Amino acid sequence: MEQKKDGISRREFIKTVGLGGLAATGLNTEKALAASQDEGKAPSMPKRKLGKTGLEISILCLGGMFDTVNNQLLLRQAYNWGINCWDTAEAYGNGLSEEGYGRFFARNPGARKDIVVITKLKNSTPGNLTPGLEKGLKRLNSEYVDLFFLHGIGDFSEITPQVRDWAQQMKKAGKIRFFGFSTHANMEDCLLASAKVDWIDAIMFAYNFRLINTRKMQEAVEACTSAGVGLIAMKSQGSGPAKPESEAESAMLTKLIERGFTDKQAKLKAVWENPRIAAICSQMPSLSILSANVAAAKDATSLTRGDLRLLDSFAKETRGGYCAGCGSICAEAVDGKVPINDVMRCLMYYRDYGDRDLAREVFAQMPETVRKHLATTDYSAAERSCPHDLEIGRLVREALTLLA
């Protein structure tokens with residue numbers, strides 16, 4: 001029988017306190033917090049080179065998909081703790097995320113040169129790129145951006161020759177230093193294609209303990225590394241639109257706590273085990289999550305083979321609740337009418353992230369014609385083709401109920 005703590009089981013307690021409450025079990029978050037009090041010294045944060053860019057970035061990157069305007073203290077702590085790579089996008093809060101970073105740089109003018117800033121644009125039409133970038137730079141209070149990404153591509157062909165030429169022009173103008181894209185759909189194909197050209201500098205892509213052992217992902221990561229393309233992981237927790245119960249989960253939680261870290265910290269470490277990955281971009285909207293992730297990044301303890309086997313077992317037992325991002329497969333099965341991958345991502349934000357506003361915001365960005373198809377499309381062919389056996393029809397219906 002599980003031990004109780006204040007009336008709940010140990011497993012329930014673990015899930016309730018999450019990153020913040022358990023960060024101090026072995027990764028010494030208190031030391032990280034104490035170090036932040038010394039304003040003259042940033043604590044040592046491991047760094048890696050980002051491919052051929054030559055940039056040395058912290059292995060933990062600050063994801064800016066939260067209210068950065070009203071969380072200036074968190075930005076200050078991230079800076080003090082040595083996180084020198086900050087990610088944002090025009091789409092995050094309709095520019096407010098960029099604005100929050102810009103306020104920080106205005107108040108701390110010396111910090112801009114220390115931080116590698118990433119921003120992203122979804123609309124890649126030629127007429128939108130330059131004004132979109134200019135507006136972003138104004139919000140960021142910066143004359144340039146270190147990394148400019150096309151946001152959330154699902155096929156490499158979305159980066160047209162016109163976009164490539166535009167990026168080269170912006171580099172010459174000093175507006176951007178390096179160019180690439182982000183992707184959480186058909187990631188492997190996007191990476192493999194980018195490795196065949198010489199003008200993609202870096203990529204941010206979904207990569208986690210569920211994907212690290214698949215052959216195609218390993219080939220894609222290796223191809224990019226050989227081509228000098230810098231790699232930043234995102235969606236590192238391997239969250240999904242549904243969370244089936246797993247017998248492996250309880251054993252994993254118990255074992256990892258005995259080792260001194262939480263399951264969430266272990267999932268970060270599993271990604272960092274691959275030296276080809278320069279950094280993990282993590283959404284850290286609270287000081288408790290930030291401090292726990294910093295503690296994990298600074299801790300030199302490596303995962304054992306046993307730890308990795310636990311994560312792998314958990315991944316296999318819960319594969320039916322995870323969307324692996326292979327959106328082209330299910331999109332073809334529904335004749336391209338519905339971006340199933342995006343719907344699953346919205347459900348993930350709603351359920352696993354617990355961010356209902358974000359889930360509804362992303363869902364609302366889908367064209368009205370697409371949202372109309374959601375309720376009328378037959379998903380049986382998509383379910384048969386899904387490598388993870390997701391109950392797509394049921395999940396889409398739930399998304400309509402929760403998000404529409």
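**Reading the fold, step by step**

A: Let's start with the inventory: the protein chain has 18 helices and twelve strands. Keep in mind that this is a predicted model.

Q: How much of the protein chain is buried?

A: Of its 404 residues, 53% are buried. Take the contacts between residues at least 6 apart in sequence: 76% of them join residues at least 24 apart.

Q: Let's zoom in on one residue. Is Lys120 buried or exposed?

A: The general idea is to check relative accessibility, where under 20% means buried. Lys120 has 2%, so it counts as buried. You'll find Lys120 in strand 7, which covers residues 116-121.

Q: Which polar partners does the side chain of Lys120 have?

A: For a polar contact, look for N or O atoms within 3.5 Å of each other. A polar atom of the Lys120 side chain sits 3.0 Å from the backbone oxygen of Thr88. The Lys120 side chain also makes a polar contact with the side chain of Tyr92, at 3.3 Å. If you skip neighbours within four places in sequence, the residues in contact with Lys120 are Asp87, Thr88, Ala89, Glu90, Tyr92, Phe149, His151 and Ser182.

Q: What about a loop residue: where is Asn186, and what does its side chain reach?

A: Asn186 belongs to the loop between strand 9 (176-183) and helix 7. Leaving out residues up to four places away in sequence, Asn186 touches Gly154, Gly325, Cys326, Gly327 and Ser328.

Q: And where does Met187 lie?

A: Met187 is in helix 7, which spans residues 187-194. With 1% relative accessibility, Met187 counts as buried. Met187 and Ala324 are 137 residues apart along the chain, and their C-alpha atoms are separated by 9.3 Å. Ala324 is among the residues that Met187 touches, along with Phe205, Ala206, Leu211, Met217 and Gly325, not counting residues up to four places away in sequence.

Q: How do I read two helices packing together? What is the angle between helix 14 and helix 18?

A: Look at the angle and the distance between the axes. Helix 14 (residues 340-351) and helix 18 (residues 392-403) pack at about 60°, with axes 10 Å apart. That angle makes helix 14 oblique to helix 18, and their crossing is left-handed. On the helix 14 side, the contact is made by Ile340, Val343, Met344, Cys346, Leu347, Tyr350 and Arg351. Helix 18 brings Ile392, Leu395, Val396, Glu398, Ala399, Leu402 and Leu403. By class, this contact has twelve nonpolar, no polar and two charged residues.

Q: Which residues make the contact between helix 4 and helix 5, and how do the axes cross?

A: The axes of helix 4 (residues 96-107) and helix 5 (residues 126-140) come within 6 Å and cross at roughly 45°. These two helices are therefore oblique to each other. Helix 4 supplies Glu98, Glu99, Tyr101, Gly102 and Phe105, while helix 5 supplies Gly136, Arg139 and Leu140. In this contact, three residues are nonpolar, two polar and three charged.

Note on methods
Residues numbered from 1 in each chain as written. Predicted model: local features only at pLDDT ≥ 70, side-chain atom pairs only at ≥ 80, totals over all residues. Heavy atoms only, no water. Helix = DSSP H or I, 4+ residues; strand = E, 2+ residues; numbered from the N terminus. Buried < 20%, exposed > 50% of the residue type's maximum accessible area, 1.4 Å probe, protein only. Polar contact = N/O pair within 3.5 Å; in protein donor to acceptor, adjacent residues only side chain to side chain. Contact = heavy atoms within 4.5 Å. Axes fitted to C-alpha atoms, helices over the stretch in contact; angles between N-to-C directions. Parallel < 35°, antiparallel > 145°, perpendicular 65-115°, else oblique. Left-handed = near helix turned anticlockwise from the far one by under 90°. Nonpolar A, V, L, I, M, F, W, Y, C, P; charged D, E, K, R; others polar.
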